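Biologist: Before I use these labels, I would like to hear what stands behind each of them. Please set the values against the criteria.

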Amino acid sequence: MGHPQLAKKFVANNERMKWHDKAIWFVRKKRDLAVHGLDEWEDLREIAKQIKTHTINKLDFYLEEFEKNAQQKGLHVHWAKDAEEHNEIVLKLLLNRGAKKLVKSKSMLTEECHLNPYLEKNGIKVIDTDLGERIVQLRNEPPSHIVLPAIHLKKEDVGKTFEKFLKTQKGNCDPTYLTRAARNHLRKKFLNADAALTGVNFGIAQTGGIVVCTNEGNADLGVSLAKLHIASMGIEKIIPRLEDLSIFTRLLARSATGQAITSYTSHFHAPIEHGEMHIIIVDNGRSNILQNEDFKQSLHCIRCGACINTCPVYRRSGGHSYGYTIPGPIGSTLGASKDLKANKTLPFACTLCASCSNVCPVKIDLHNQLYKHRQNVVKRGLLGTKKYAILKVATWVMKHPSLFDFSGKMARLIVPKLPRNILYSKVNIWGKKRELPKFPQKSFKELYKQREEKK
Amino acid sequence: MTSRESILNNIKKNIPSSTIELPQTNIAHAIYKDKNEKFKTSLASVGGNAVWLEDGNIDEFVRKNYSNLEIIVSTCKEITCTNRDANKPNTPHALENVDLAIIEAEFGVAENGAVWVKNSNNRHRALYFLATQLLIIVNKNNIVDTMHEAYERIEFNQAGYGTFISGPSKTADIEQSLVIGAHGPTSACVLFV
Amino acid sequence: MKIGLFIPCFMNELYPEASMATLKVLENLGLHVEYPTKQTCCGQPMANTGCAHEAGELAHRFLKIFKNYDYVVAPSGSCVAMVRENYAQFLDGEDGFEHLKTHTYELVEFLHDVVKPIRMNSKFPYKVGIHNSCHGHRELGMASMSERNLPAFSKIEKILSLVDDIEFVTLKRNDECCGFGGTFCVSEDAISVAMGIDRVNDHLNAGAKIITGIDMSCLMHMQGIIDRDKLPIKTMHIAQILAGES
Ligand code: SF4
């Protein structure tokens, strides 16, 4: 099913759709409040964009720099071409140390690689420790948002889930109560884990370390207890200098949730005592995007989620309607770059309102990318023959003004005479929930000509 | 060809030859007339609190404010009101039941109420996250305006760990309701001395 | 000053009054305006559906018809955005394109930036909600966007303020998309309608009697919802208010 069909399902529950829209708009408003209080906001965005552009254009250099400096500090660096190799590296690291229990903090990359099912198939117990991720993991659902994984759920849904899995009180869906229950449940998992895996927000080439930002403290707790720390990092996460973080930390949390900074912004340049720290650098299709002038900016993304929160389509269609790991504008462009055929409806799940491009802290031209992806959909013959034929005919008409005038005239003549049940039959998708405009007797051109003749 | 080579080769093949210079990061930024006040309100907005200790008697402060707690540990040598040595156990797991951890931070950041913690005296960094409550000691002269100044004070020439901590741990993953105390501390007080 | 008037294809067919009002507004200000009758469509519907080849053909036509005017003015932010932001792909380097690109204006923008009238000689004693159509708003920069941290302004409000007795309402979401989106309105009709309903309600709840804007397409979409749901509000193209119709 494509986005329109899945979106329709989501919209069908009007009350929930409205609630979803409001909940996420609330996050957008918090972001606005934080942003409008900072005079240098637009400067920060511009600098961030320059840093990212520079880095991506010298990505090979910075990756090697990162590797060298990380190794110098005693960290292990691995390279994975694709999801499969990434998963194998993780599994091997775990098996070689006899690790059976893995705690994970948020990492969209491991979602993209479908790491959890792979590990579980191989006998590893995987626990997602971010509260939102744990909720969706228990429900066996993918996250519906990159920052707020369980934003599609109401507290009653969470209450029921916890009732079943964590044995919480029946009917108690107080967020504080449920959060405490999760805390107690996950504390045990943290203390018993053999290994911990984190994502990476930034990899610093200059120092060879990584930065992970969380509010819950779950990433830090995991990797500060278990001896083995594995960090999965996409190649685009590299920044050149430590000081670049002054720009990105100011942008990230404000864009994501409206906070000035996340509760924890942790810089890892070492494992714990007697521990090991491994960083897996993952490509999985990213380096192919580099060659495309139209889309390479999508590699600048810092995964703040602001474009998702602002997207009027996302807010009303829900994260699962995209059918891709990352929803919303950024997910639609990344998904289309990755596999256009599988994701051919995503570039069209957008009104081209351009809110995303203007909210994005690193100024990615998101809506233009979706506009360009549409051309590739057509070029590859994926638009659907009916749609394409209509537009071809329309173009042909538009190339011939007399034909254009004639068809307009006919429409104005015929449409008003049609009985309602024919005019509003099934093929009139516009008319399902909207009236058609009232057709006038004369076109502007006709009126204009009349007027000129009278002159 | 190793994966490393193949990734790097593919990048080399695909990146455009144009380069753009790395920009300066020290742009003109917010300067706060009253850094203390700004720090205080920033921290309060994320559920933490800041206190300026006039007499410098931390022990007294702890006795007064945390009298009911059982296990108190500290990474600051000057503090005597603790009852366990955080560095003694060989595994961090032993710190599981710490009620209060008193730790040191190098400086605070006014714009966001964060403090920079890179405490080489501390053997187990898990302490910062296992303890139910945190008391963070900072020299009262060490508050900077923004992250720009903050990063001027930070380096990682040696291997190590450092973190900005802003308030207690928190989550809003259930219906956007803010709950203070997720996996880490449920309260965080920054004490300026 | 030779001004070429471009009327979006569907407006020509369905909204002759709003189109005529556009002409009137310009003529009332003493401008000489020509309407080249060979014009049809700017190609936006094709471009937005990814049909680059077809859009390109229509872009070439547009250039041919309009390249000899000092200014091209259109009562539509999205068609103008098409010319200014998206024609380059098809017309870069073509004779006259640079001029066309920099001299094609949306009506209100043209008044605000070029003509700069100080009076409008019109009266509109109603509470009005301004719909900030996305392409005009974010591509042409008709007003400050809620996403950015830049000084607040609105060319639309400034020009409408020249109309006597007009009142503006304050919306909860000042610049959210109405969901029209070109072919989006049928390919994603469920979302499109949901967005439209929310937009109309925002204006209704703010006490507006009239929703106005610079793009007839957005207004057509919202009017379709208003008519179906029989809501006590109506839409009106900004040119009609400026021309003194009520
Ligand atoms: S594209 Fe921009 S706004 Fe969207 S998640 Fe990435 S950085 Fe944030």
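**Labels and their criteria**

Modeller: Chain A has 22 helices and 10 strands; helices (H or I, at least four residues) and strands (E, at least two) are DSSP runs, numbered from the N terminus. This is a predicted model, in which local features need pLDDT of at least 70 and side-chain atom pairs count only at pLDDT 80 or more, while totals for chains, interfaces and linings use all residues. Residues are numbered from 1 along each chain as its sequence is written, chains are lettered from A and ligands numbered from 1 in the order in which they are written, and side-chain values use heavy atoms, with hydrogens and water left out.

Biologist: Why is A:Lys101 called partly exposed?

Modeller: Buried means under 20% relative accessible area, exposed over 50%, and partly exposed in between (1.4 Å probe, protein chains only). A:Lys101 has 39% relative accessibility, so the label is partly exposed. A:Lys101 lies in strand E2 (residues 101–104) of chain A. Of the 455 residues in chain A, 65% are buried.

Biologist: In chain C, what makes E6 and E8 edge strands?

Modeller: Chain C has an open sheet of 4 strands in the order E6-E5-E7-E8, with parallel pairing. Strands E6 (167–168) and E8 (234–237) of chain C each have a single partner strand, so one side of each lacks a neighbour in the sheet.

Biologist: How do you know that E7 of chain C pairs with E8(C)?

Modeller: Two strands pair if DSSP finds at least two bridges between them. Strand E7 (residues 210–213) of chain C is joined to E8(C) by 4 bridges, and the two run parallel. Within E8(C), C:Met236 is the bridge partner of C:Thr212.
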